[in-house]
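This briefing concerns the arrangement of strands and helices in one structure. Please consult the sequence and the coordinates alongside the text.

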Amino acid sequence: MSSGAGAADVTATILSVTESYGLPHTEVDVIYTSISVSCHRGTEAPPITAVRVVRQRSLDYTRLAAVEHLVRHLGPIEDAHAQLEDITNAKHPYPRWVATAAWGGMAAAVAFLVGGGWELAITAAIVTALIDRVGRILNRRALPFFFQQLVGGALATGAALTVFATGLLPNVRPSLLVAVGIVVLLSGLALVSTVQDAISGYNVTAAGRTVETVLLSAGLIAGVAIAIRTAVHFGLDIKLSDPLPALISAVPMQFAAGAATSAFFALACYARPRALVAAAISGAIGTASYGLVTSFGLDALLGSAVAAAITGFGGATMTRRLRIPTLVVVQAGVVPLLPGWTTYRGLFQLTAEGDPAGVNTLVFASGIALALAGGVVFGEYLAQPVRTGLGRLERKFAGPRMSGPLKPTKRRLE
């Protein structure tokens with residue numbers, strides 16, 4: 001749950017473990033901040049109930065994959081408990097500077113994806129690495145994530161406006177630099193899990209995730225808006241650049257940029273090498289699908305939904321055989337399609353131009369984000385009949401699965 005898995009995945013995983021150890025009459029209640037498990041022991045003995053609280057959240061896909069592997073290969077309870085302790089207390093598989101470099105690499109890849117050159121890519125990588133290090137410092141001081149997002153948005157926009165005001169890099173479009181920063185900051189939000197919980201019927205958890213996502217997005221929007229408004233107040237003559245082209249025209253570069261964006265995102269979330277390869281393939285498929293469907297006349301909203309559905313379908317059918325959590329691949333696959341530039345355009349219209357049409361642009365950006373998340377979940381749902389090994393436990397629970405085992409261990413463990 002702390003690594004971003006949906007409530008349906010958490011519930012199915014717990015029931016898989018309890019059934020494997022001979023506790024068939026178990027009730028599980030999962031909400032966004034706590035998990036309750038109660039074992040019914042008949043009419044004579046009272047039930048036994050355990051509660052766990054989700055105190056912190058961090059994207060560590062290696063830990064998520066390790067837990068999934070443990071549940072698939074359960075052994076004696078003492079050994080399983082020791083392995084779980086090792087997973088919980090283990091350090092990240094990569095040093096922290098690797099994650100910072102990965103965020104910078106992701107920003108550079110997004111810069112190429114939106115048609116920028118080497119100057120934009122290098123500048124975006126440096127600014128993003130700076131934002132990550134500043135966020136790390138603020139996180140150590142226990143600053144709420146809302147203010148961390150606000151600072152990140154302000155830094156990304158402030159850096160772009162500084163480049164524009166000084167004229168040091170005339171070939172760098174400030175709007176694209178801000179858009180890249182917004183994509184990076186939006187990528188950490190649990191959009192896919194939020195929609196998955198809502199569709200699966202876990203409304204309380206979906207509501208909690210929605211509030212958190214909206215609040216963090218509001219912090220990002222506030223940071224960007226404050227920076228733009230400050231620049232206008234001090235008389236900086238900034239103008240919105242021309243509309244962003246539909247990704248890029250060169251197909252090989254589109255594949256490479258999409259693959260690199262998703263792979264760097266997975267690396268920043270501490271995914272293992274095999275998962276990095278799968279994430280890169282998913283990103284290439286997602287960006288290529290988006291470019292293909294938009295070339296047939298679909299707008300950004302429908303194109304995002306179709307491309308995300310293809311990504312979800314491909315990720316679900318590919319990851320089960322590779323023993324990689326589906327969430328890792330599909331989350332990384334839709335990152336290149338996040339509406340960073342559309343969000344910036346709406347904020348610019350509202351703050352710098354005073355144009356009420358900016359509200360419509362922001363609503364459209366929100367629609368693209370929801371279309372991406374909903375398309376991924378729908379694609380995973382379509383992939384269920386295709387995948388092999390659909391067990392009784394998965395069929396019992398309606399809704400798509402992004403993590404955890406498909407069926408309990410075959411033998412009862414003592």
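Contact means heavy atoms within 4.5 Å. Helices (H or I, at least four residues) and strands (E, at least two) are DSSP runs, numbered from the N terminus. This is a predicted model, in which local features need pLDDT of at least 70, side-chain atom pairs count only at pLDDT 80 or more, and totals for chains, interfaces and linings use all residues. Residues are numbered from 1 along each chain as its sequence is written, and side-chain values use heavy atoms, with hydrogens and water left out.

**Sheet**
- Three strands form an open sheet in the order S1-S2-S3, with antiparallel pairing (two strands pair if DSSP finds at least two bridges between them).
- Strand S1 (26–30) and strand S3 (48–53) are at the edges with a single partner strand each, so one side of each lacks a neighbour in the sheet.
- Strand S2 (residues 34–39) is joined to S3 by six bridges, and the two run antiparallel.
- Valine 37 has alanine 50 in S3 as its bridge partner.

**Helix on the sheet**
- Helix H1 (residues 7–20) lies across S1 and S2 and runs at about 155 degrees to S1 (axes are lines fitted to C-alpha atoms, for helices over the stretch in contact, and angles run from 0 to 180 degrees between N-to-C directions).

**Helix pair**
- Helix H5 (residues 118–140) packs with helix H6 (residues 145–166) at an angle of about 155 degrees, their axes being 10 Å apart.
- H5 and H6 are therefore roughly antiparallel to each other (angles over 145 degrees count as such).
- The contact includes Val127, Ile131 and Leu138 of H5, and Phe145, Val151 and Leu155 of H6.

Methods:
Angles under 35 degrees count as roughly parallel, over 145 as roughly antiparallel, 65 to 115 as roughly perpendicular and the rest as oblique.
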